[in-house]
Amino acid sequence: MSKVRVLVGTRKGAFILTADGKRKRWKVDGPHFGGWEIYHLKGSPVDPNRLYASQSSGWFGQMIQRSQDGGKTWEPVGNKFVYDGVPGTHQWYDGTPHPWEFKRVWHLEPSLADPETVYAGVEDAALFRSTDGGQSWQELSGLRGHGSGPRWQPGAGGMCLHTILLDPSEPGRIFIAISAAGAFRTNDAGQTWQPINRGLRSEHIPDPTAEVGHCVHRIAMHRSRPGVLFMQKHWDVMRSDDAGESWQEVSGNLPTDFGFVIDVHAHEPDTVYVIPIKSDSEHFPPEGKLRVYRSRTGGNEWEPLTKGLPQADCYVNVLRDAMAVDALDSCGVYFGTTGGQVYASADAGDSWAPIVRDLPAVLSVEVQTLS
Amino acid sequence: MIRIILPPHLRTLARVSGDVELEIEGRVTQRSVLDALEARYPMLRGAVRDHVTQQRRPFMRFFACEQDLSHESPDAPLPAAVASGTEPFIILGAIAGG
């Protein structure tokens with residue numbers, strides 16, 4: 001019998017939600033690390049009981065926790081993130097140079113092949129890798145040092161590397177995204193990088209089509225078609241059919257093309273989900289209606305999914321790492337809100353129900369499909 | 001024997017309850033106390049002071065004998081009552097946030 005395990009990071013701890021394949025009755029376990037910010041936790045695709053969690057605090061800094069039993073018990077591992085060489089400067093909000101300073105880990109991405117290898121996307125933006133199960137971390141400094149780093153600048157949430165996509169078809173190919181620098185790709189496992197932002201247009205930077213400086217909120221891919229990428233940018237939903245070499249806007253009939261999350265159906269590479277947010281100055285759903293939008297055509301044509309979601313007086317946000325899909329035959333879709341709700345759909349978005357309603361603000365949602 | 005009082009989150013992280021007691025060889029200073037604390041509880045490295053610069057994290061404070069010692073030199077001797085174990089060395093998080 002299949003089951004699913006939903007890993008939820010919140011402002012005040014981590015929660016693990018489990019159900020069988022019907023996804024009707026849920027067990028809620030937590031909080032783990034109560035009182036700490038859990039930006040992200042994720043399991044190894046090779047060993048699903050191997051979980052990694054980013055635990056941080058304004059007082060005590062960054063911790064990395066590791067579980068070997070699916071989240072029942074945890075052990076702290078290495079938390080020393082030191083930039084390679086002289087860190088240099090990036091742009092501050094006012095355009096002046098500002099030294100690179102480590103603040104926290106936003107995203108942990110376990111290797112597709114080795115449970116001991118895990119990548120960490122951090123603020124100030126850089127990519128680190130551990131090959132010993134999180135005990136020690138080394139920066140893949142070719143990204144930060146490839147040349148445009150001094151022109152990167154923080155978004156409102158900080159200058160964070162928040163998205164790491166590992167290409168299942170080409171082990172050396174990795175896509176990452178940074179707010180507000182843009183998207184980057186390596187073809188050689190992180191030695192060298194190139195910006196992949198051609199086709200993006202951002203009115204909040206002096207040159208709207210600049211090589212870097214775009215506030216990319218999230219990128220998603222389907223593992224069967226890794227050359228096709230979908231992006232939720234600060235404004236605009238975008239698509240690339242050539243591994244990021246060029247992008248086309250696919251916002252189509254969305255009520256607003258601002259938002260944070262984007263994800264792809266587990267079995268249908270052209271079925272894409274977004275949650276439109278009113279604007280960059282009003283981070284809540286338009287008209288107080290929480291609607292997931294689904295495209296079955298790879299963008300441009302979108303349908304609202306509302307059954308079971310609040311359609312009045314809803315003013316939560318859904319943050320960039322807070323949507324995920326499971327891999328059961330009827331694809332499950334999950335997202336968490338800043339109001340502490342985690343919603344689940346067991347029918348690819350046609351209908352929704354909350355798993356829990358009153359968690360702390362949700363920062364991230366990941367799903368494991370377990371056999 | 002030096003007595004150290006940790007903030008609750010760090011007690012949880014280090015899996016200790018109550019005060020921590022440590023033997024310090026040589027001079028008893030902030031640095032020697034923190035060196036011994038981190039040697040006994042490696043998971044606390046980086047939580048009280050920076051891994052590389054060894055500077056106190058901005059929202060951490062050090063109190064002892066009703067004094068705020070946060071801004072003292074890390075190599076200054078701690079009060080004799082701390083060195084003798086009569087009074088604890090208190091590590092706490094500043095009141096901020098929620």
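Me: What makes up the secondary structure of chain A in this model, helices or strands?
Reply: In this predicted model, the secondary structure of chain A comes to zero helices and 30 strands. A run counts as a strand from two residues on, whereas a helix needs at least four.

Me: Why is A:Asn79 called buried?
Reply: A residue is called buried if 20 or more other C-beta atoms lie within 10 Å of its own, and A:Asn79 counts as buried because it has 24 C-beta neighbours inside 10 Å. This residue is found in the loop between strand S7 (75-76) and strand S8 (89-91) of chain A.

Me: Which residues does A:Asn79 touch, leaving aside residues up to four places away in sequence?
Reply: A:Asn79 touches A:Gln62, A:Met63 and A:Ile64, and also B:Gly46 in the other chain. A contact requires C-beta atoms within 7 Å. As for A:Ser54, which is 25 residues away along the chain, its C-alpha atom is separated from that of A:Asn79 by 9.5 Å.

Me: How do you know that A:Pro110 is buried?
Reply: The cut-off is 20 or more other C-beta atoms within 10 Å, and A:Pro110 has 26 of them, so A:Pro110 is buried. Its place is in strand S10 (residues 104-110) of chain A, and, apart from neighbours within four places in sequence, its contacts are A:Lys42, A:Gly43, A:Ser44, A:Pro45, A:Tyr52, A:Pro115 and A:Val118.

Me: What makes strand S12 of chain A largely enclosed by the rest of the structure?
Reply: Strand S12 (residues 126-130) has five residues and four of them are buried, which means that the strand is largely enclosed by the rest of the structure.

Me: How do you know that S12(A) and strand S11 of chain A pair?
Reply: Two strands pair if there are at least two bridges between them, and strand S11 (residues 118-123) and S12(A) have five bridges, in the antiparallel sense. Among the residues involved, A:Tyr119 has A:Arg129 in S12(A) as its bridge partner, and S11(A) and S12(A) form a hairpin with two residues between them. S12(A) also runs antiparallel to strand S13 (residues 138-139) of chain A, to which two bridges join it, and here A:Phe128 stands opposite A:Glu139.

Me: Why are strands S22 and S25 of chain A said to stand at the edges?
Reply: Strand S22 (259-264) and strand S25 (303-305) each have a single partner strand, so one side of each is left without a neighbour in the sheet. The sheet is an open one of four strands in the order S22-S23-S24-S25, with antiparallel pairing, and its twist averages 30 degrees from one strand to the next. S22(A) is joined by four bridges to strand S23 (residues 272-276) of chain A, where A:Val274 stands opposite A:Ile262.

Me: Which residues have the most contacts inside the largest nonpolar core?
Reply: They are A:Val8, A:Ile219, A:Tyr334, A:Val342 and A:Val365, in a core of 134 residues.

Me: What makes the radius of gyration of chain B agree with that of a compact globule?
Reply: With 98 residues, a compact globule would come near 13 Å, and chain B has 12 Å, which therefore agrees. Chain B has three helices and five strands, which run β-α-β-α-β-β-α-β from the N terminus on, and buried residues make up 26% of its 98 residues.

Me: How many residues does each chain bring to the contact between them?
Reply: The contact takes 13 residues from chain B and 12 residues from chain A. Helix H1 (residues 8-14) of chain B gives the most to the side of chain B that touches chain A, with three residues, and by class that side has seven nonpolar, five polar and one charged residues.

Technical notes: Residues numbered from 1 in each chain as written. Chains lettered and ligands numbered in written order. Predicted model: local features only at pLDDT ≥ 70, side-chain atom pairs only at ≥ 80, totals over all residues. Contact = placed C-beta atoms within 7 Å. Nonpolar A, V, L, I, M, F, W, Y, C, P; charged D, E, K, R; others polar. Core = buried A, V, L, I, M, F, W, Y, C linked by C-beta atoms within 7 Å. Buried ≥ 20, exposed ≤ 12 C-beta atoms within 10 Å, placed from the backbone. Axes fitted to C-alpha atoms, helices over the stretch in contact; angles between N-to-C directions. Rg over C-alpha atoms; globule rule 2.2 N^0.38 Å.
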